[in-house]
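This report describes part of one protein model for a reader who has not seen it before. Please look over the sequence and the structure before reading on.

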Amino acid sequence: MASFVELRPPSTRLIGRRLFVSLPVVLAARAAPAQDGELTYPRSSLVIATAAGRDLKFEVELALDDEHRSHGLMFRKKLGPYEGMLFDFFQEMPVAFWMKNSLIPLDMLFIAADGTIKHVHANAVPLSTDTIPSQFPVRAVLEINGGSARLLGIKPGDKVKHPIFGNG
């Protein structure tokens, strides 16, 4: 699916591939496109501190603007076991994703501005157009391989440590 922005009333504004937001999104700097026309993303590390006392380190790509958030992990055929994509909305707001053009199952971790995981949606179905709402206003969403949250013991209440949350 090509990146696009469809204008609707603010409460139902559709922003690209798989997210709906109810508030305007602040734009950030864009990453340079790769030579083959694919988007490239800045990379960063983050840590998820679980209630069980485990610190789980992930290498993530950062989706910081509408173009990158709307493309996300579309058309990817694989994702490493401790890799993911962190979607930053720069402010807390209700968001919802869909899996159209996403080829692998994903777990979506919906994260508050202080880094607290508010909701985990496990095993989002590839190619589905069903919406997956955040259930709470969130600052960011981390997508990881489907089933990883359960396998690694990641749950609501766990903390994500990264500079966007001011704790990493």
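In which strand is E61 found? The model is a predicted one, and in it E61 belongs to strand β5, which covers residues 55–63.

**E61 and its surroundings**

Is E61 buried or exposed? E61 has a relative accessible area of 11%, so it counts as buried, the limit being under 20%. Apart from neighbours within four places in sequence, E61 is in contact with Y41, P42, R43, L73, R76, G84, M85 and L86. One of these contacts, R43, is also the bridge partner of E61.

**Strands around β5**

Strand β5 pairs with strand β4, residues 43–49, in the antiparallel sense. These two strands form a hairpin with 5 residues between them, and G53 in this hairpin takes a positive phi near 90 degrees. Strand β5 is also joined to strand β6, residues 83–93, and here the strands run parallel. Strand β6 in turn pairs with strand β11, residues 138–145, in the antiparallel sense.

| Strands | Sense | Bridges |
|---|---|---|
| β4 and β5 | antiparallel | 7 bridges |
| β5 and β6 | parallel | 5 bridges |
| β6 and β11 | antiparallel | 5 bridges |

Individual residues can be followed across these strands. L62 has L86 in β6 as its bridge partner, and L86 is also among the residues in contact with E61. For A63, the bridge partner in β6 is F87. F87 in turn stands opposite V141 in β11. In a regular strand, side chains alternate between the two faces of the sheet.

Where is S70 found? S70 lies in helix α1, which spans residues 66–71. S70 has a relative accessibility of 2% and is therefore classed as buried, again by the limit of under 20%. Between S70 and F87 there are 17 residues of separation along the chain, and their C-alpha atoms are 9.7 Å apart.

Which residues make the nonpolar surface patch? The patch is made by F75, L103 and L127, and has an area of about 280 Å². L127 sits in the loop between β9 (117–124) and β10 (132–133). With a relative accessible area of 52%, L127 counts as exposed, because the limit for that class is over 50%.

Definitions and conventions
Residues are numbered from 1 along each chain as its sequence is written. This is a predicted model: local features need pLDDT of at least 70, side-chain atom pairs count only at pLDDT 80 or more; totals for chains, interfaces and linings use all residues. Side-chain values use heavy atoms; hydrogens and water are left out. Patches are made of residues with over 30% relative accessible area and no salt bridge: like charges are joined within 9 Å, nonpolar side chains (Val, Leu, Ile, Met, Phe, Trp, Tyr) within 5 Å. Accessible areas come from the Shrake-Rupley method with a 1.4 Å probe; for residues, only the protein chains shown count as cover. A salt bridge is a side-chain nitrogen of Lys or Arg within 4 Å of a carboxyl oxygen of Asp or Glu. Helices (H or I, at least four residues) and strands (E, at least two) are DSSP runs, numbered from the N terminus. Buried means under 20% relative accessible area, exposed over 50%, partly exposed in between (1.4 Å probe, protein chains only). Contact means heavy atoms within 4.5 Å. Two strands pair if DSSP finds at least two bridges between them.
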